[in-house]
Amino acid sequence: MRKSSSKKVGCGDEIIIVLAVDLLHRDELLNYFRTKGIFADEIGIWNNVCESYAKEKLKQVEEELRDAKRKLRKLDNEAKRKDSAITKIMTLLGEKIKF
């Protein structure tokens with residue numbers, strides 16, 4: 001197994017590199033790696049890491065969306081209940097005022 005390149009690259013940089021690599025021909029790709037000081041093996045690893053991170057983030061966002069929808073339904077039901085109560089009160093007040 002090769003030792004990792006000496007340069008530290010963040011996930012955001014990794015995504016940019018993975019996307020750039022998809023567009024390059026073999027010779028351009030090798031030259032790109034040489035200029036950046038990156039081993040070709042690392043690109044596949046970065047791709048897997050970033051992909052799993054994106055999937056995890058997507059699950060988190062979907063869960064937050066479900067929670068938000070649940071809270072919205074709860075608030076909507078509460079608003080309907082209060083509106084119904086106000087309507088009943090207004091009806092009773094209207095009957096008492098009519099004599």
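The protein chain has a mean pLDDT of 79, and 74% of its residues reach 70 or more. pLDDT is the predictor's confidence in each residue, from 0 to 100. This is a predicted model: local features need pLDDT of at least 70, side-chain atom pairs count only at pLDDT 80 or more, and totals for chains, interfaces and linings use all residues. Residues are numbered from 1 along each chain as its sequence is written, and side-chain values use heavy atoms, with hydrogens and water left out.

**Colour by confidence**

Where pLDDT is low, the predicted coordinates should not be read in detail.

**Show the whole chain as cartoon**

Three helices and zero strands make up the secondary structure. The order from the N terminus is α-α-α. Helices (H or I, at least four residues) and strands (E, at least two) are DSSP runs, numbered from the N terminus. Of the contacts with a separation of 6 or more, 67% are between residues 24 or more positions apart.

Switch to a surface. The chain exposes about 8,900 Å², and carbon and sulfur atoms supply 60% of it. Accessible areas come from the Shrake-Rupley method with a 1.4 Å probe; for residues, only the protein chains shown count as cover. Of the 99 residues, 12% are buried. Buried means under 20% relative accessible area, exposed over 50%, and partly exposed in between (1.4 Å probe, protein chains only).

**Select the core**

Pick Leu29, Phe33, Ile38, Ile43 and Trp46. These five residues form the largest nonpolar core. Helix H2 (26-36) and H3 are the elements that give two or more residues to this core. A nonpolar core is a set of buried Ala, Val, Leu, Ile, Met, Phe, Trp, Tyr and Cys residues joined through side-chain atoms within 4.5 Å.

Side chains of opposite charge can pair when their charged atoms come close. The count is four salt bridges (a side-chain nitrogen of Lys or Arg within 4 Å of a carboxyl oxygen of Asp or Glu). Three stops follow.

- Asp67 and Arg70: the salt bridge is 2.7 Å, N to O. Both residues lie in helix H3, three residues apart, about one turn of the helix. Asp67 is partly exposed at 30% relative accessibility, and Arg70 is partly exposed at 48%.
- Asp76 and Lys80: the closest N and O atoms of this salt bridge are 3.5 Å apart. The two are separated by about one helical turn because they sit four residues apart in H3. Lys80 counts as exposed at 53%, while Asp76 is partly exposed at 38%.
- Glu78 and Lys82: the closest N and O atoms of this salt bridge are 3.0 Å apart. Both lie in H3, four residues apart. Glu78 is partly exposed at 30%, and Lys82 is partly exposed at 43%.

**Finish at the nonpolar patch**

Select Ile86, Ile89, Met90, Leu93 and Ile97. Together they form a nonpolar surface patch with about 530 Å² of accessible area. Patches are made of residues with over 30% relative accessible area and no salt bridge: like charges are joined within 9 Å, nonpolar side chains (Val, Leu, Ile, Met, Phe, Trp, Tyr) within 5 Å. Centre on Met90. Met90 lies in helix H3 (residues 40-98). Its relative accessibility is 54%, so Met90 counts as exposed.

Definitions and conventions: Contact = heavy atoms within 4.5 Å.
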